Structure formats: C-alpha cells, structure tokens
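Welcome! Take a moment to look over the sequence and the model, and then let's walk through them together.

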Amino acid sequence: MIVKLQKIEVQSRKDMEMIDITDQIERVVLDSGLKNGVVLVMTTHTSSGLLVTEGIECLERDVLAHLERLAPKDPPVGAYHYWHNRYLDYDGRLGFNAGDHLKSILGGVNCFFPVENGTLVRGSRQRAYFVEYDGPLARTVFIQVLGEGA
Amino acid sequence: MSDWAVDFHTHPLLVREMIARHPDLAEAARKTFYIGNNFQPLETFHLELDAAGLDKAVVVAVDATTALGKTVYNNEQVAELCSLSDRLIGFASVDPNQKDAPAKLEAAITQLKLRGLKLDPAMQRFRPSDAAAYPVYEKAQALGIPVLFHAGMSWAPGSRLEYGQPLLFEPIAVDFPKLNIVLAHLAWPWVTEAVALCLKYPNVHLDTSALYFDNPRDFLRHAMTQVIPKSVFENSLRRQILFGSNYPRVEIKNMANALRWVGFSDDFQKLIFGGNAARLLGGIA
C-alpha cells in the first residue's frame, strides 16, 4: 500500500489564470511508484481552484470569463454588495475578494484521477488546471497518491 | 519627464528572500505591522506591479525604536532588498525621538542610496509638529528628498489616530517650504482637511493608498468624487496627487484599477502614476 503526499508550488502570473498542472501530477505519480490506485489533488487557497477541462487556450478564456460573469470581482454599481467587504481583524486588511472566493466554490478546489498501471486514467482531451482567481501569487497545491505499488 | 509608472507607497513585508535572511522580519510583519497574508517570493512583488501596469515601487522602512523597540525593515534591510531588484526604490526611516536621527538619515541617503524618508507618527508615536522632529525635517529639506508621512487612520496595533490628523502637518509645510511632503492614505477620514492643506501649500501632496471600507473601487469613488468633487483633484491638485497602494494591505492591481475607474483625464493619470513621483524623486530611472 502506498500513501504519499507531495506539496508543489504554483506561481501564478496574472490576476486570473488557468495553469495546466497535468504533467506535474503525472510526475508525482511516476515518482511515487504507484501502480494501481488514485491520485487526489487539492489547492489550499480559497481564492483559487482546480478544474479538469479541455486543454485549449480559447476554452481557458471562456471558463474565466464565465466565472467572472457569475461572480464578479466588483458587483455592478448599485446592484448588490458583498458582505465580505469589511475589515478582517485576523488578517490586518479588508476582505473585498468575495467574488474570487465564490468562483473558487463554483469551480471547485480539488480533482482526482484513477491510476492504472502507473498511468493517469483521463480522457484524451482532459487536462488538470490550477485556477488562479486572485493572483499573481505563489500558491500551494497538494497531490496525494493512494493505492498499490508496483 | 519620466514615463515610468510608480507605486509610491508599499511595504515589502511579504518578501520571502528577505525573511530567509532576516527571520525577525516575519514577526515584524505579523505582530508590528499586523498583516496575515502568506509570504511570497520577490517575483510575486514584480508580478503584482506587472498586473497593475506599473514599472516600479517605493518600498519603505519604519523605525519605531522608541515607541515599540522595533523596526519594520530598517534602512540597511531596505537597501539590501533594493539591491535584489531594479524595480524598487528605497525610502529610509529614522526615529525622530533619537538625537542622531538626522545623521542616520544623511547616511541612508548618501551611503545606502535611499531616495526618500518615511515617517509614521501614529506608529512611531510622535506629534508631527513637535520641535523635536524639526532637525529631521531640516535634514530632509537639505538633502532634497521627499517625506512620506503616514496620515489618517492606521490599522497597526497601538498606533494613534491623533497623530494622523492633517492639520498637525501644517507647521511643517509652513516652516519647510522647500520640503516636499506626501500625506498617505488621502489622510482618511480627514480627506477634506488634507485637500485644504494641498490647496494652500504647494509642497503638500497626497497619495491614494486609501481603503477603509467597501472595496477599492467604491472607496476611491467615495473619497475622490463624493467627499471632494473630482474636479478639485483634476483642476487644482494636478501636481500633488501620487498613486500609492499600501501593499500588502491591498493588492497593487486593485488600487491601480480603482484609481483608473475614478475616470480622471489621461494626462492627469500620467501625473498621478508617474510624473509627480518623478518630480519629487528628481527622476525615477
């Protein structure tokens, strides 16, 4: 039985950005010696996410644009407001990124793939993305493998 | 005139490389300045500037030795950080309660090559108009450097609102007419008084690093269009407004976007984002 937890850092470079981390997940699986089991991936940040979708640039833009429409960073003037817009005494600053937290909830913060014969089981077009909603920031992602060794 | 776009007010408290070299900076960030954000590589600071469409940032020290027995970055640390990045402009800080403060300031400017002075009367606990601080102002004026004062409300624990009141800075503006003074945070909640000072004294300036409720967009709209009509800034204070974010209390991108959203003319925005800073610094490159 193999249970291994690996931490990786993802440096986002923009305010909102989709970063393909499929290769990094595959590398962790390969290095772990896992033959059959699952790999679980999660972001530790509540204004970021993990998504699985087709790995093409136009779709990346559509995903981000749609989430911004659903949960805008700043609500339309006079339409509604976010309760989160207040001083957070535990953080020493205002929390005004409710829209980014909401995007994280809508898109999800984790994903998983089965692993068979040491290889990720995924659709031919599926890629795993770390999704930045409030960057640029250095972010932490955990990848855990679980299953039988070779 | 330079075309550089500058954030005139940042605190480099999250930079991992500096915390690795000086572990006490972590405590300064958490307990003295009181900020909870994760520490970040210097690259994130650069990317923050990129995301905001800016080229450079002023990074400041704060010397609160008498008040707190601490500094939040000292002058040597600011100089060390600036040696790691050509996008950072270092400002010194001295403790006006110490007799050797003018000499320390001169050394920071002439030897460490810092470019301005940061004072935070609320955190350093001194009355800005106190005669004890005058030798520091005299030295700054003689050196030809700007002084960035914290003004208005401060979130830092133990800091006093009293020392952030704009009218406490009037004697400095009068007695040091060649000293360029920048009052940070639009001196909120005393924006009207701060604007009055600027209207009366051409050596008084304001930075825009103000966020005390709502979000950056709505706060700046409130302060710069409702508390004071937009036309006052646009018509009368063109040379006296500088962009500042107060990063990391606010991300640079958010304050820059908020200021652009206010809708000042393009030429005024160029002054706010760079031209006025270049004039105060004697050039930015």
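Is Val28(A) buried or exposed? Val28(A) is buried, because 22 other C-beta atoms lie within 10 Å. Here a residue counts as buried if 20 or more other C-beta atoms lie within 10 Å of its own, as exposed if 12 or fewer do, and as partly exposed in between, with C-beta atoms placed from the backbone.

You will find Val28(A) in helix α1 (residues 22-32) of chain A. Leaving aside neighbours within four places in sequence, Val28(A) is in contact with Gln6(A), Ile143(A) and Val145(A). Two residues are in contact if their C-beta atoms, placed from the backbone, lie within 7 Å. Asp91(A), by comparison, is 63 residues from Val28(A) in sequence and 33 Å from it in space, C-alpha to C-alpha.

## How to read the model

This is a predicted model, in which local features need pLDDT of at least 70 and side-chain atom pairs count only at pLDDT 80 or more, while totals for chains, interfaces and linings use all residues. Residues are numbered from 1 along each chain as its sequence is written, and chains are lettered from A and ligands numbered from 1 in the order in which they are written.

## Chain A and its sheet

Chain A has three helices and ten strands. Helices (H or I, at least four residues) and strands (E, at least two) are DSSP runs, numbered from the N terminus. Of the 150 residues in chain A, 38% are buried. The C-alpha atoms of this chain fill a box of roughly 60 × 35 × 20 Å along the principal axes.

Now look for an open sheet of three antiparallel strands in chain A, in the order β2-β9-β4. Its edge strands are β2 (17-20) and β4 (48-54) of chain A, each pairing on one side only. Strands pair if DSSP finds at least two bridges between them; β2(A) and β9 (residues 126-132) of chain A are joined by four. In one of these places, Met18(A) has Val131(A) in β9(A) as its bridge partner.

## Where chain B meets chain A

How many residues of chain B are in contact with chain A? There are 19, and they touch 15 residues of chain A. Helix α3(B) gives the most to this side of chain B, with five residues. By class, this side of chain B has nine nonpolar, four polar and six charged residues. Ala, Val, Leu, Ile, Met, Phe, Trp, Tyr, Cys and Pro count as nonpolar, Asp, Glu, Lys and Arg as charged, and the others, Gly among them, as polar.

## A helix with a buried side

In helix α8 (residues 134-143) of chain B, Val136(B), Tyr137(B) and Ala140(B) are buried. They lie on the same side of α8(B), because they cover an arc of only 95° around the axis; the arc is that of the directions from the helix axis to the C-beta atoms. After α8(B) comes Gly144(B), with a positive phi near 75°.

In soluble globular proteins, nonpolar side chains tend to be buried together. A nonpolar core is a set of buried Ala, Val, Leu, Ile, Met, Phe, Trp, Tyr and Cys residues joined through C-beta atoms within 7 Å. The largest one has 104 residues, and those with the most contacts inside it include Phe91(B) and Phe149(B). Helix α14 (residues 266-281) of chain B gives the most to this core, with six residues.
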